[in-house]
Amino acid sequence: MIEFFDADVLIGRLIDQDLAEAPTMADVAAELARTGAARAALVTNTRIYLSNPAWGNDDLAADLDATRDEAGVELRGIFGLDTVEERPGTAPDEQIERVMAHHAAGVQFWPAHCAYEFASWQCPRLFDLLSQRRLPIFMHADQASYAQLHEVMQRFDRLTIILQRVPYAATRPIMGLMRACPGLRLCTSPHFVGNQVIEQFAHYLGHERLIFGSGLFTYDQLPAVAQVMYARLDEDHKSAIAGGNLRRLLEAIQ
Amino acid sequence: MTGCTQTHEITDAQRDTFARMVRGRTLGEFVFDVHAHTCDGWGLCCIYDGSREALQHETRMLGSTGMAVSAVCAISGIDFRRANDALARDIGKDDNKLAAYVGIDIRHGRSLVDDTAAYIARGFKGGKLYTRWGVPYDDDAYHPVLDYLNQLGAPVLAHCWGGRDITQLVGAARKFPRIRFIAAHTGSPDVDTYIRLAKETDNLYIDTAYSRGQRGLIEYVVQRLGSEKLLFGSDAALFSAAQQVARVVAARISDEDRRNILGRNALRLFKHLRPDGD
């Protein structure tokens, strides 16, 4: 049976949400058990972009510690960073060391939410360090323009960026962007619902560049699983998209 | 709508369907998709393979019983005749799993009734309306063709995006009570209007096809409307039918509600029109 590793899970309270309804790390474990497709997930939280990355990181690390012994579930964090390199405590090397101490699977960028530019000049030392450490950047597609993504990836061509929650109408530009930027990966999600987009991207760009993600808790996990499982692909390719490609990226982190 | 406070104990049947989906097996559920298209691509998204064969691959993989389709170019472009003709050739040679809607070209200038009747004579089962032409569904221009479809008691699928479209569709539904209207895209703006109008209007149904199918949306509709007027629609081959089915399968609703949405409700609308008469 193909094992899924979910690269897109967001927990925590949204601005217009009652605290009691906010998804927690325990809900992640419960949802993985309910669906039965994935026993592993990368999780980030809303506090990283709605409040302060450092506070969000503290919460995330504490939540991960509390679920570390959860039977049969592998959860890792995607942490936040401050992109103003000059502030006290935000030197890129310090920030990276702090998140690496939590066994980070990557870092989540929120340029639109947090009012900074996704541009090579915004945080060049940070981009350089992320490239060296091969620590992936995760980013929702609505956080940067195609031109911004292209500019950063041309300047830092060893960066890995995993683009999440891509809308289905973006098939054409994303295909062109991925062709131009070899470090760019596409995260599947229930918003990228185009018929046979999995097959299409695997055929034209290589299945290695597709990473499974569900978009929990905006979406359920099962729709994203179904999109991969019913794709007209070899089982080996499905398995790579479901989890193998992500595991290879995580193993490469230095 | 996306919160984690919804409680629902997973049933054995639902667990079985989950297990089938995570293995890519047929669902073991009766599935009838009321909203699908054959297409070669269109402006909004890039279609890899919109052929009848690709659609049928999806139905086979899922074990679906049937699909009601229109040709996408006949609802989004200007090539109605060409697209309807292509679809007529498709439904003439398959295994009777496709029921076709005639794409209705409200601005063509020819007799819509004659055109539509010609396609009905070729085996089409209903009509498909689209808003892009700027003619409201309750406009008099639609009356002749809707009157014709009303006499047949045919289903009519109508693209709707928000409260204004579905309100105009209800205007038509009140004038043509024998037509079973299906308003597409529940979850687009004004979902509460969809629910209220479906509840108030006997011959109005709503479908599930939606590209941003948030967690909790199906549950929200079922809690307020019940499951008898909500129909499964995928919008394949624009969307992945498997992905859209999974939205219903994953919902925290009863087995009865899930079965109603996936196929039983559609069976009531399409049964006497199905080519094999089953």
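**Core, helix packing and chain contact in a predicted model**

Apart from neighbours within four places in sequence, Ala158(B) is in contact with Leu129(B), Tyr137(B), Leu169(B), Phe181(B), Ile182(B), Ala183(B) and Ala184(B), two residues being in contact if their C-beta atoms, placed from the backbone, lie within 7 Å. The model is predicted: local features need pLDDT of at least 70 and side-chain atom pairs count only at pLDDT 80 or more, whereas totals for chains, interfaces and linings use all residues. Residues are numbered from 1 along each chain as its sequence is written, and chains are lettered from A in the order in which they are written.

Ala158(B) and Ala183(B) touch the most other members of the largest nonpolar core, which has 168 residues. Such a core is a set of buried Ala, Val, Leu, Ile, Met, Phe, Trp, Tyr and Cys residues joined through C-beta atoms within 7 Å. The most residues given to this core, seven, come from α10(B). A residue is buried if 20 or more other C-beta atoms lie within 10 Å of its own, exposed if 12 or fewer, and partly exposed in between. Of the 278 residues in chain B, 53% are buried.

Chain B contains eleven helices and eight strands, taken as DSSP runs (helices H or I, at least four residues; strands E, at least two) numbered from the N terminus. Helices α8 (residues 191-200) and α9 (residues 217-225) of chain B pack at about 35° with axes 10 Å apart; axes are lines fitted to C-alpha atoms, for helices over the stretch in contact, and angles run from 0 to 180 degrees between N-to-C directions. Ile195(B), Ala198(B) and Lys199(B) of α8(B) meet Val221(B), Arg224(B) and Leu225(B) of α9(B) in this contact.

In chain A, helix α7 (residues 171-180) has Thr171(A), Ile174(A) and Met178(A) as its buried residues. These lie on the same side of α7(A), because they cover an arc of only 70° around the axis, the arc being that of the directions from the helix axis to the C-beta atoms. The other side of α7(A) carries the exposed residues Arg172(A), Gly176(A) and Arg179(A). The buried residues of α7(A) pack against β7 (184-187) and α8 (197-205) of chain A.

The contact between the chains draws 34 residues from chain A and 37 residues from chain B. On the chain B side, two or more residues each come from α1 (12-22), α2 (52-62) and α10 (241-250), with α10(B) giving the largest share, seven residues.
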